[in-house]
Amino acid sequence: MTVYPLTGVIRPYAWGSRTAIAELQGRPTPTEGPEAELWLGAHPGDPSTVPGPDGPVTLLQLIDDDPGGQLGTDVAERFGARLPYLMKVLAAGAPLSLQAHPDLKYAAEAFARQEADPALSKNYTDANHKPEMLVALTPFDALCGFRSPAVSALVLTELGVARLGPVVAALHAGDLSEAVRLLLSWPAEDRPALIDEVVAAATAAEPGHPHEESFRLAIDLAGHYPGDPGVLVALLLNLVHLTPGEAIWMPAGNLHAYLHGLGVELMAASDNVLRGGLTPKRVDVAELLRVLRFETLDDPLLHGAEVAPGVTSWRVPVRDFEMFRIELTGDRPPVKLPGRGPRIILGVAGDVHVGEEHGIPVTLPPGTAAYAPASAGPLTAAGLGTVFVAAVPG
């Protein structure tokens, strides 16, 4: 088989949507529980499956049995017997935790230290980095990277909460690290009162206030995570409103959080997450501060480029993955499938058929996927609709 139908696993995190993934796949809504992420890949945590002679076979097993044929010799030599990326459909029905991910060198060193010393906190699940990108399928809101400290200082000043004075002073000095440390180290017993004071000030602000959007964000986040200092850390970040087709890029050290919407996410195959708030889970402030990059991000958007008629490419500065979108219209002939190595193809609109020119294609209605090993011959996408393709850069 040249192209395999690929069945992913839906993860039911509490912040997930009860409608978004189901509507994409044409299932009844609301679903019984939240559906947060559809995992498409070979990550050991929840590997996808393909049809086998005796029933479903995990993509993890398929690759392990024949890494050279499935990944290609160069990819197998570079990454070992593993698919270097993980593709997801992400459906945020509520805000996710503020988080960041280590770079490759630090992840490897920290994981090795952790494995050698059982007394260390278990912050790392593997030795890999986890840069990630997301392309919106619906209007999508996110926090991505630090905005100008001067702007953040003005927002906090306008709230008129005197106890935030040291944080404002750090921001005026351009010291993002100290501002974040102060907020995340705020005495636990005083956090609820501080957040309540901030919410009261934000609620009392005049309609049309220049920082009304930031104030609304604080009110909303405090409603989901009362007493969480991440509510204030969020005000130091860029609030991004993506329209369908727009993308953001989260490299190592970038503090970010998804707030609401449906998107296609592509990342290195890792589960290393350091949280910075907006979560009931443990926050290791010291370790997070070691990983974060305290740099202003002026443009959070990742800009795509049309590389062929109907084909958009998003290139990122890592060797693990790249993403393409193919849009097939009624007047467009079959398109050569872009990318190289092992590829995962996800349908998001219409019906697109992927396969060899004279072979039996796999049809991809929205919310379904296919897998093409490196050993597959030239592939084409035909039909009417839209697919995303995950691949390994050359």
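Helix α6 (residues 149-159) packs with helix α7 (residues 165-172) at an angle of about 155 degrees, and their axes are 8 Å apart. The model is a predicted one, in which local features need pLDDT of at least 70 and side-chain atom pairs count only at pLDDT 80 or more, while totals for chains, interfaces and linings use all residues. Residues are numbered from 1 along each chain as its sequence is written, and side-chain values use heavy atoms, with hydrogens and water left out. Helices (H or I, at least four residues) and strands (E, at least two) are DSSP runs, numbered from the N terminus.

**Helices α6 and α7**

- α6 and α7 are therefore roughly antiparallel to each other; angles over 145 degrees count as roughly antiparallel, under 35 as roughly parallel, 65 to 115 as roughly perpendicular and the rest as oblique.
- Axes are lines fitted to C-alpha atoms, for helices over the stretch in contact, and angles run from 0 to 180 degrees between N-to-C directions.
- The crossing of α6 past α7 is left-handed, meaning that the near helix is turned anticlockwise from the far one by less than a right angle (clockwise would be right-handed).
- P149, S152, A153, L156 and T157 of α6 make the contact with V167, V168, L171 and H172 of α7, where contact means heavy atoms within 4.5 Å.
- By class, this contact of α6 with α7 has 6 nonpolar, 3 polar and no charged residues; Ala, Val, Leu, Ile, Met, Phe, Trp, Tyr, Cys and Pro count as nonpolar, Asp, Glu, Lys and Arg as charged, and the others, Gly among them, as polar.

**Helices α7 and α8**

- α7 also packs with helix α8 (residues 176-184), at an angle of about 165 degrees and with the axes 7 Å apart.
- α7 and α8 are therefore roughly antiparallel to each other, and α7 passes α8 in a left-handed crossing.
- On the α7 side, P166, V167, A170 and L171 meet L176, E178, A179, L182 and L183 in α8.
- The residues of the contact of α7 with α8 comprise 8 nonpolar, no polar and 1 charged.

**Helices α9 and α10**

- Helix α9 (residues 191-204) and helix α10 (residues 212-224) pack at about 135 degrees, with their axes 9 Å apart.
- α9 and α10 are therefore oblique to each other, and α9 passes α10 in a left-handed crossing.
- The contact joins I195, V198, V199, A202 and T203 of α9 to F215, A218, I219 and A222 of α10.
- By class, the contact of α9 with α10 holds 8 nonpolar residues, 1 polar and no charged.

**The largest pocket**

- The largest pocket has a volume of about 660 Å³.
- Among the 31 residues lining the largest pocket, S97, Q99, V273, R275 and K281 are the closest to its centre.
- Two or more residues of the lining come from each of β3 (37-41), β6 (85-92), β12 (256-268) and β13 (274-275), and β12 gives the most, with 3 residues.
- The lining divides into 14 nonpolar, 5 polar and 12 charged residues.
- A pocket is an open set of points on a 1 Å grid over the protein atoms alone, where a 1.4 Å probe fits, with protein on both sides within 12 Å along at least five of seven lines; lining residues have an atom within 4 Å of a point.
- Grid points are joined across faces, edges and corners, and a volume is the space filled by probe spheres set on the points.

**Backbone features**

- The peptide bond from T29 to P30 is cis, with omega near -5 degrees, and P30 lies in the loop between α1 (20-25) and β3.
- L278 is not a glycine, yet has a positive phi of about 55 degrees; L278 is found in the loop between β13 and α12 (285-291).
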